[in-house]
Amino acid sequence: MGVDLGSTSAKAVILDGSAACLGASAVQMGAVSRAGMRQAIDDALGRASVAPPQITATISTGYGRRLVPGIGRTFTEITCHARGVAAICPGVRLIVDIGGQDSKVIAVDGEGLVEDFAMNDRCASGTGRFFEVLARAIECEVDELADLALSGEKNLEVSSMCATFAETEIVSLLASGCERTDIAASVHRAVSARTLGLIAQVGKKTPVVMTGGVAKNAAAVHFLSSALGVHVDVPPDPQITGAYGAALLALETCGTVASPPDVELSPTGPPAHSCGDCTGSIELHMPTVPAS
């Protein structure tokens with residue numbers, strides 16, 4: 001079992017001895033929530049039809065990795081995300097992971113090993129929390145942001161990337177008569193520009209895969225792809241890649257080294273779910289994680 005206890009969500013993945021995913025869960029329940037972690041683990045066990053004593057090894061990652069009971073070892077998010085994404089999308093060279101309260105860019109080599117990384121964990125700019133601020137300011141649900149942003153036409157100036165100051169700036173734009181669609185699109189462009197700054201620290205490489213909760217926002221993927229000038233791929237369940245990588249590492253501690261599933265990156269097509277046309281074990285065995 002791999003458990004990723006992040007800043008705003010908990011994820012758990014259970015693999016069998018051949019690295020097939022038996023059960024996976026992602027739960028959103030507040031900051032580094034023990035209750036969320038417990039629910040994610042229980043949900044994954046239930047979907048896998050596995051009892052806790054049957055788990056032979058557990059590795060945890062994320063902000064709260066040391067809070068997970070019964071763990072064998074802990075690994076950083078950098079290691080686990082690289083391991084998980086490289087297994088799901090062989091050939092990946094750059095991983096952009098944007099979660100609830102941090103963002104990171106990981107460069108990996110041809111073997112899927114970490115070469116370099118850059119991380120922003122001191123500011124909520126461009127993270128899930130930042131988009132929550134945007135949604136509140138323009139009075140919409142977070143799930144509606146993508147459609148609004150993709151409908152925007154004007155490029156407005158959004159200079160502040162501080163979540164607190166950006167909200168004031170957005171309110172000023174609304175007061176001046178700017179359309180919500182244009183504001184949403186402009187904020188997404190600004191976030192992409194900020195992400196490019198992180199990418200510049202490790203160097204632009206392709207193929208690119210985006211993970212984390214923000215990767216479920218089609219507009220965020222679209223504007224990052226436009227800013228980079230390359231296709232950005234998204235795994236079917238971008239929130240659980242860290243937990244999946246942790247589960248693979250746990251499997252290796254049992255003396256079994258799993259072969260990566262046969263998944264190819266698609267150089268063309270829509271930014272979201274382009275890994276979904278694979279015929280490997282992820283496509284066949286990984287359950288869809290419901291939004292929660």
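First, the ground rules. This is a predicted model, where local features need pLDDT of at least 70 and side-chain atom pairs count only at pLDDT 80 or more, while totals for chains, interfaces and linings use all residues. Residues are numbered from 1 along each chain as its sequence is written, and side-chain values use heavy atoms, with hydrogens and water left out.

Let's start with the sheet. Helices (H or I, at least four residues) and strands (E, at least two) are DSSP runs, numbered from the N terminus. Two strands pair if DSSP finds at least two bridges between them. In what order do the strands of the open sheet lie? There are 5 strands, the order is S3-S2-S1-S4-S5, and the pairing is mixed. The edges are strand S3 (21–28) and strand S5 (73–74), each of which pairs on one side only.

Now look at strand S1 (residues 2–5) beside strand S2 (residues 9–15): they run antiparallel and are joined by 4 bridges. S2 and S3 make a hairpin with 5 residues between them, and in the turn Ala-19 has a positive phi of about 75 degrees.

A word on cover before we go on. Accessible areas come from the Shrake-Rupley method with a 1.4 Å probe, and for residues only the protein chains shown count as cover. Buried means under 20% relative accessible area, exposed means over 50%, and partly exposed is in between. So where does S3 stand? Because 6 of its 8 residues are buried, S3 is largely enclosed by the rest of the structure.

Next comes strand S6 (residues 94–98), where 5 of 5 residues are buried. Which residues point which way from S6? Leu-94, Val-96 and Ile-98 point one way, Ile-95 and Asp-97 point the other way, and all are buried. S6 runs antiparallel to strand S7 (residues 103–108), with 5 bridges joining them, and Ile-98 stands opposite Ser-103 in S7. The S6 and S7 hairpin has 4 residues between its strands. S6 also pairs with strand S9 (residues 208–211), this time in the parallel sense over 4 bridges. The bridge partner of Leu-94 in S9 is Val-208.

Now helix H3 (residues 128–137), which is mostly covered, with 7 of its 10 residues buried. Among them are Phe-130, Phe-131, Val-133 and Leu-134. After H3 comes Glu-139, with a positive phi near 55 degrees.

That brings us to salt bridges. A salt bridge here is a side-chain nitrogen of Lys or Arg within 4 Å of a carboxyl oxygen of Asp or Glu. How many does that rule give? The count comes to 9 salt bridges.

One is in helix H1 (residues 34–48), which holds both Arg-38 and Asp-42, 4 residues apart, or about one turn of the helix. Their closest N and O atoms are 3.2 Å apart. Arg-38 is partly exposed at 36% relative accessibility, and Asp-42 is partly exposed at 39%.

Another joins Asp-102 and Lys-104, with the closest N and O atoms 3.5 Å apart. Are these two buried or exposed? Asp-102 is buried at 3% relative accessibility, and Lys-104 is buried at 3%.

Arg-129 is partly exposed at 32%, and Glu-132 is partly exposed at 30%. Salt bridges that share partners also join Arg-93, Glu-115 and Lys-205 into one network.

Last stop, the surface. Which residues form the negative patch? They are Glu-141, Asp-143, Glu-144 and Asp-147. Patches are made of residues with over 30% relative accessible area and no salt bridge, with like charges joined within 9 Å and nonpolar side chains (Val, Leu, Ile, Met, Phe, Trp, Tyr) within 5 Å. Asp-147 is found in helix H4 (residues 145–151), and Asp-147 counts as exposed because its relative accessibility is 57%.

Note on methods. Lys and Arg count as positive and Asp and Glu as negative; His and the chain ends are not counted. The place of a charge is taken as NZ of Lys, CZ of Arg, CG of Asp or CD of Glu. Buried means under 20% relative accessible area, exposed over 50%, partly exposed in between (1.4 Å probe, protein chains only).
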